[in-house]
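Hello,

Here is the structure I promised to pass on. Please open it and keep it beside you as you read my notes below.

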Amino acid sequence: MKIIYHGHSAVQIETNGKSLIIDPFLSGNKLAVMKPEDIKTDAVLLTHAHIDHILDAAPIAQANNIPVVSNVELAAYMSWKGVETIGMNIGGTVDLGFAQAKMIHALHSSGIVDEENKTILYGGMAAGFIIRAEGKTLLHTGDTGLSRDMKLIGNREKIDVAFVPIGGHYTMGPEDALQAAKWYRAKLVIPVHYNSFPIINQDAKAFVKQLEAEGISGKVMVPGDEIEI
C-alpha cells in the first residue's frame with residue numbers, strides 16, 4: 001500500500017491496484033507539486049464542503065470518470081456539477097471494491113460560501129474517514145477539534161496510520177493534536193492541514209518530536225512525498 005501526500009489535507013492511498021484521494025486541494029495550494037489534471041485515481045472522498053477540501057474534486061472526478069463520496073448534502077451539490085456521487089452519512093460504510101470507507105464524526109463546520117451572492121450553502125455535517133484495505137486501517141480525521149470520540153475510536157480500532165490536522169485556528173493545533181494521537185494509538189501519525197496559509201503555519205518537525213517523546217511514531221510528509229506501509 002502506498003500513501004501519497006499532496007499537501008494540506010489531500011491524501012492519496014494506492015491499494016489493490018487502484019487508488020482513492022481524500023480532499024483534493026491542489027490548484028489553490030501554492031505548496032502542491034501536482035496539478036488536478038495529473039491525478040489518476042478511482043474515487044474522490046470529501047470530508048466536508050469547505051473550498052480548501054473540495055476545490056478540485058469535480059475536475060478530478062470528471063477527468064477520471066469516477067464517483068465522489070461524501071455526505072448526502074455535499075453529494076447533491078457535486079452532482080449538480082455533473083459528477084457521479086455516492087452520498088452517505090456518519091456511521092455508514094461504502095465499499096469501493098478495492099477499499100472500504102467508513103464515515104466518522106468530526107467537530108467542524110461545513111458550508112460553501114458564495115461571496116458574489118452573499119449566501120452560504122449548507123454542506124452537511126463535517127466528517128472523517130476510516131479506510132480499510134489489505135488488512136490495514138487508516139484514519140483521516142478531516143478538519144476537527146479535539147473530541148473524546150477519538151479515544152473511543154482508538155479503543156475500538158487498530159489504526160496503522162492516522163492523518164491529524166495540526167494547523168490550529170480552523171482545526172486542532174499541535175497541543176490538541178498530540179492528545180488526539182495519544183487517544184488514537186496509531187502505529188504512525190502524519191500531521192496535515194498546516195502551512196497552506198500563513199494563519200495555519202506550524203512546525204511539523206517539532207510536533208513529530210513531541211510525538212516521539214510520548215513513544216508515538218510520527219512522520220513529516222511534504223507535498224509529493226510517498227511512503228509504503
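Aspartate 203 caps the N-terminal end of helix 6, with a side-chain oxygen 3.1 Å from the backbone nitrogen of lysine 205. Bear in mind, here and below, that this is a predicted model.

Helix 6 itself covers residues 204-213, and its buried residues are Ala204, Phe207, Val208 and Leu211. Looking down the helix axis, you will find these buried residues within an arc of 100°, so they line one face of helix 6. What do they pack against? The partners of the buried residues are helix 5 (174-184) and strand 14 (188-192). After the helix comes glycine 215, which has a positive phi, near 80°.

The other thing to look at is the largest pocket, with a volume of about 190 Å³. Two elements each give two or more residues to its lining: strand 8 (100-105) and helix 4 (149-156). Which classes of residue does the lining have? Six are nonpolar, two are polar and four are charged.

I hope this helps you find your way around.

Best wishes

Technical notes. Residues are numbered from 1 along each chain as its sequence is written. This is a predicted model: local features need pLDDT of at least 70, side-chain atom pairs count only at pLDDT 80 or more; totals for chains, interfaces and linings use all residues. Side-chain values use heavy atoms; hydrogens and water are left out. On a 1 Å grid over the protein atoms alone, a cavity is a set of points where a 1.4 Å probe fits but cannot get out, and a pocket is an open set with protein on both sides within 12 Å along at least five of seven lines; lining residues have an atom within 4 Å of a point. Grid points are joined across faces, edges and corners, and a volume is the space filled by probe spheres set on the points. Helices (H or I, at least four residues) and strands (E, at least two) are DSSP runs, numbered from the N terminus. Ala, Val, Leu, Ile, Met, Phe, Trp, Tyr, Cys and Pro count as nonpolar, Asp, Glu, Lys and Arg as charged, and the others, Gly among them, as polar. Buried means under 20% relative accessible area, exposed over 50%, partly exposed in between (1.4 Å probe, protein chains only). The arc is that of the directions from the helix axis to the C-beta atoms. Contact means heavy atoms within 4.5 Å. A polar contact is a pair of N or O atoms within 3.5 Å; within protein, one must be able to donate a hydrogen and the other to accept it, and residues adjacent in sequence count only if both atoms are side-chain atoms.
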